[in-house]
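Student: Please take me through this structure one feature at a time, and show me how each is read.

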Amino acid sequence: MTEAKTAPAPAGGRPATFDPANPGGAFAPQGRFQLAGAADGPLARLRVGVKDMIDLEGRITGAGNPDWLATHGVATRHAPVVAQLLAAGADVVGKTMTDELAYSLNGENFHYGTPVNPVSPTRIPGGSSCGSAVAAASGLCDIGLGTDTAGSIRLPATFCGAWGLRPTHGAVSSEGVVPLAPSYDVVGWITRDAATLARVGQTVLPAAAAGQGGLPGRLLVADDAWSLASEDVRQGLAKPQESMMEKFGVVEHVTLADEGLLAWQQVFRVIQGREVWAAHGEWITRHAPRFGPDIGERFKWASTITADEAQSAAAERRRIAARLDDLLGDAVLCLPTVSFVAPVKGSPTAAEDRTRALCLLCIASLAGLPQLTMPVVVGNQYAVGLSLIAARGRDRALLDCAMRISS
């Protein structure tokens, strides 16, 4: 697997409000500080950037929106996942940028700016864990702690040329995290290499249950997922995919959704929207916060979803999850992480590109499955990502698989 290459952002790629104390714009406003972890431990002196959706004791979690910041108080304790990392010897080096309330995949914050993609400074970093991805990929931290609902770790890790893990839903505590859509929300992390990704997993993931350990025996190639990838993505991933297939004794081609992955994406978005409004509708109605145009439109749409629509989608979700459970077993599923290359900053992201990306990203989210994305940098011009999805609870086996592939 090709390791991601990073480069410093040239002057022309700096955010409009460049801060020498915040190179690349990866950290939230007033978000750089030092919080020392335990004197020793398995993660001793690794630096952690914490997405500003996750609580740190004594600080307000800003959620990427100034009105949220103004209407919420300081956290009374660390989120459990932060406490785990500190106890393992890691040091927190600040709060990282996020899209507003994590409800975007672009990484372009209307209020605070756009962190600089370290692979291609002219392109967006992806979101919503944009700051954690930029900080980890550019060496400002070793571990970018983030959240993922619809791809908010997997997509920015891909665009920034980094490794990322979306764990099994519920495997890592989401307590002390601003919710978006709780039945999809997870806490995960982004790193520059597979070894660090695995070290974090060994610290925060539960031990593998009986029958869930060991390396996967089969590789499933999701043909309908690959058909959604752009030509640039397919070409960039051709050799890494071939190399991966050679490492497995059994390779099978499968179709995930006879009805099409677009149908899965529609199920996903209805449930997500209903949960988003349940989580934040009261606050939005009371405070009339200022949102960037795309974010505001999404919240407005979310408010229109009916209970009947959500219940119908939930029934379909159960069927999709059962399909994936039956398919995976001891296998891992191979697919492109994102269907298109990161767009240039400031350009409108085509609706069809976003939809195709969500057709891929919704697969693991719908079924609560662990997904790992690994980076491939194409000609030092842009990054693409190759993903593996494993059965529920097989997070550690997935990380072991990544170590084997990257060696």
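Tutor: Helices (H or I, at least four residues) and strands (E, at least two) are DSSP runs, numbered from the N terminus. This is a predicted model, in which local features need pLDDT of at least 70 and side-chain atom pairs count only at pLDDT 80 or more, while totals for chains, interfaces and linings use all residues. Residues are numbered from 1 along each chain as its sequence is written, and side-chain values use heavy atoms, with hydrogens and water left out.

Student: Which residues of helix 2 are buried?

Tutor: In helix 2, which spans residues 80-87, the buried residues are V81, V82, L85 and L86; buried means under 20% relative accessible area, exposed over 50%, and partly exposed in between (1.4 Å probe, protein chains only). Seen down the helix axis, these residues fall within an arc of 135°, so they line one face of helix 2; the arc is that of the directions from the helix axis to the C-beta atoms. The general idea is that an α-helix has 3.6 residues a turn, so residues three or four places apart point the same way.

Student: What covers the buried residues of helix 2?

Tutor: Their cover includes strand 1 (27-35), strand 2 (47-51), strand 3 (91-96), strand 4 (143-148), strand 6 (186-191) and helix 5 (194-204), where contact means heavy atoms within 4.5 Å.

Student: How many residues of helix 3 are buried?

Tutor: Eight of the eight residues of helix 3 are buried, which leaves this helix mostly covered. Its buried residues pack against strand 1, strand 2, strand 3, strand 4, helix 4 (154-159) and strand 6. Helix 3 is also followed by a glycine, G139, whose phi is positive, near 85°.

Student: How should I read a pairing between charged side chains?

Tutor: Side chains of opposite charge can pair when their charged atoms come close. A search of the whole structure finds 16 salt bridges, a salt bridge being a side-chain nitrogen of Lys or Arg within 4 Å of a carboxyl oxygen of Asp or Glu. One example joins the side chains of R166 and D148 at 2.9 Å, N to O. R166 lies in strand 5 (residues 163-166) and D148 in strand 4, so the pair ties together parts that are 18 residues apart in sequence. R166 is buried, at a relative accessible area of 0%, and D148 also counts as buried, at 0%.

Student: Which parts of the chain does the pair of R392 and D325 link?

Tutor: R392 forms a salt bridge with D325, and their closest N and O atoms are 3.0 Å apart. This pair links distant parts of the chain, 67 residues apart: R392 is in the loop between strand 11 (382-389) and helix 12 (395-406), and D325 is in helix 10 (residues 307-328). R392 is partly exposed, with a relative accessible area of 35%, and D325 is partly exposed with 35%.

Student: Where is E100 found?

Tutor: E100 is in the loop between strand 3 and helix 3 (130-137). E100 is buried yet has no salt bridge, since the nearest side chain of opposite charge, R290, is 8.2 Å away; Lys and Arg count as positive and Asp and Glu as negative, while His and the chain ends are not counted.
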